Amino acid sequence: MYGLLRNILFRLPPEQAHNFTLSSLDVAQKLGILNAFTRTPAPCPVNVMGLEFPNPVGLAAGLDKNADHIDSLGALGFGFIEVGTVTPLAQAGNPAPRMFRLPEHQAIINRMGFNNEGLDHLIANVRNRRYRGVLGINVGKNKDTPNEQSEQDYRKGIAAVYSYADYITVNVSSPNTPGLRDLQFGDSLKQLLNAIKEEQLACRQAHGRYVPVAVKIAPDMDEQGIRFVAGALLEAGLDGVIATNTTISREAVKGHRHEQEAGGLSGAPVREASLKVIQCLNAELGEKMPIIGVGGITDGESAAEKIRAGAKLVQLYTGFIYRGPALINEAVEAIRKEVR
Ligand SMILES: Cc1cc2nc3c(=O)[nH]c(=O)nc-3n(C[C@H](O)[C@H](O)[C@H](O)COP(=O)(O)O)c2cc1C
């Protein structure tokens with residue numbers, strides 16, 4: 001069914017197909033017919049970061065940047081939904097075209113550049129949602145905010161979404177905001193993590209509720225860099241790590257007509273790199289901090305291997321575009337076999 005629909009959707013430019021699909025999902029949900037096309041996975045509960053997830057397969061950030069479609073996406077069977085990346089102020093992102101399909105590789109290259117409507121818009125949507133499942137909110141910094149002041153944008157994001165999120169993700173790994181990924185290294189990282197922790201604790205005091213904060217990292221780091229991140233996360237007392245974002249490497253898609261497009265590559269070509277990051281993180285973190293695995297999940301096995309490598313939860317994006325909602329159930333079932 002989705003294969004047929006995909007053939008039609010893939011005739012449209014990627015961003016148009018994206019918007020059309022999400023609007024159609026909303027209509028189907030409002031008409032009450034969405035359930036006819038989806039199958040809610042049998043429960044496969046897991047407790048991570050102190051939260052109860054009905055199953056370990058979530059929607060990754062970036063598909064619903066403004067939380068405009070939480071209710072329809074939330075009806076597809078995901079164990080959790082992550083919305084954003086949201087920046088304090090609305091921003092347009094990069095000029096189109098900024099999303100490219102590489103179907104031969106089950107991949108996407110995107111340089112969206114955090115196009116979003118800002119915190120107020122996202123929060124209004126989150127407040128009005130009917131979805132009652134686990135909700136993560138992913139926060140970032142505005143393009144015009146210099147790196148030295150990025151701390152302020154992250155603090156604003158955390159403070160604004162704190163009372164609406166089940167968990168918060170701090171995104172320091174998008175390749176499409178110049179300089180953002182520099183925040184993953186050395187003193188910049190330590191300083192930022194301390195500021196994030198301070199903001200989280202201030203919010204806990206103000207709201208009387210502890211909301212876990214995870215940090216999302218890139219796959220383009222050597223082992224030494226990954227070990228440093230793991231140590232810094234533990235030292236600052238963060239609650240989780242999401243590995244990984246898209247890659248800037250083009251090794252796996254050499255010769256493709258879109259190879260030279262700037263941006264982050266996702267889908268099957270990032271699977272191996274993400275897995276290596278998870279394995280390295282797991283060696284450092286063990287049971288001390290949960291890992292959420294994302295990158296190149298296109299079938300049950302690629303989901304299960306992330307759990308074997310030490311992830312407690314996984315997320316889908318590109319595989320979901322190529323495979324549709326059937327991938328959710330397939331991933332849940334593969335993980336169920338793994339953890340049995
Ligand atoms: C079009 C597109 C937009 C994305 N936007 C975001 C974003 O705003 N924030 C974020 O943390 N990750 C973003 N991502 C990264 C995904 O959440 C995910 O980490 C990455 O694509 C690897 O997973 P995948 O191979 O399953 O797609 C985006 C990915 C794509 C393809």
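How far is an oxygen atom of the ligand from an N or O atom in the side chain of lysine 216? The distance is 2.9 Å. The legends below describe close-up views of a predicted model.

View 1. A polar backbone atom of alanine 61 is 2.7 Å from an oxygen atom of the ligand. In the case of threonine 85, an N or O atom of the side chain is 2.7 Å from a nitrogen atom of the ligand. The side chain of lysine 216 has an N or O atom 2.9 Å from a ligand oxygen atom.

**View 2. Helices α7 and α8.** Two packed helices are described by the angle between their axes and the distance between the axes. Helix α7 spans residues 223–236 and helix α8 spans residues 271–285; their axes come within 9 Å and cross at roughly 45 degrees. Because of this angle, α7 is oblique to α8. The crossing of the two helices, α7 and α8, is right-handed. From α7, the residues Glu223, Ile226, Arg227, Ala230 and Leu234 meet Val277, Cys280, Leu281, Glu284 and Leu285 of α8. Of the residues in this contact of α7 with α8, seven are nonpolar, three are charged and none is polar.

**View 3. Helices α9 and α11.** The axes of α9 (residues 300–308) and α11 (residues 326–339) come within 8 Å, with a crossing angle of roughly 40 degrees. α9 is therefore oblique to α11. This crossing of α9 and α11 is right-handed. On the α9 side the contact involves Gly300, Glu301, Ala303, Ala304, Ile307 and Arg308, and on the α11 side Glu330, Ala331, Ala334, Ile335, Glu338 and Val339. The residues of the contact of α9 with α11 comprise seven nonpolar, one polar and four charged.

View 4. Most residues other than glycine have a negative phi, and most peptide bonds are trans. Methionine 49, which is not a glycine, has a positive phi of about 55 degrees. This methionine 49 is in the loop between β1 (46–48) and β2 (51–53). The peptide bond from alanine 96 to proline 97 is cis, and its omega is near 0 degrees. Proline 97 belongs to the loop between β4 (80–86) and β5 (99–102). A cis peptide bond also runs from alanine 243 to threonine 244, with omega near 15 degrees. The loop between β10 (240–243) and β11 (264–267) contains threonine 244.

Terms used:
Residues are numbered from 1 along each chain as its sequence is written. This is a predicted model: local features need pLDDT of at least 70, side-chain atom pairs count only at pLDDT 80 or more; totals for chains, interfaces and linings use all residues. Side-chain values use heavy atoms; hydrogens and water are left out. Axes are lines fitted to C-alpha atoms, for helices over the stretch in contact, and angles run from 0 to 180 degrees between N-to-C directions. Helices (H or I, at least four residues) and strands (E, at least two) are DSSP runs, numbered from the N terminus. Angles under 35 degrees count as roughly parallel, over 145 as roughly antiparallel, 65 to 115 as roughly perpendicular and the rest as oblique. A crossing is left-handed if the near helix is turned anticlockwise from the far one by less than a right angle, and right-handed if clockwise. Contact means heavy atoms within 4.5 Å. Ala, Val, Leu, Ile, Met, Phe, Trp, Tyr, Cys and Pro count as nonpolar, Asp, Glu, Lys and Arg as charged, and the others, Gly among them, as polar. A polar contact is a pair of N or O atoms within 3.5 Å; within protein, one must be able to donate a hydrogen and the other to accept it, and residues adjacent in sequence count only if both atoms are side-chain atoms.
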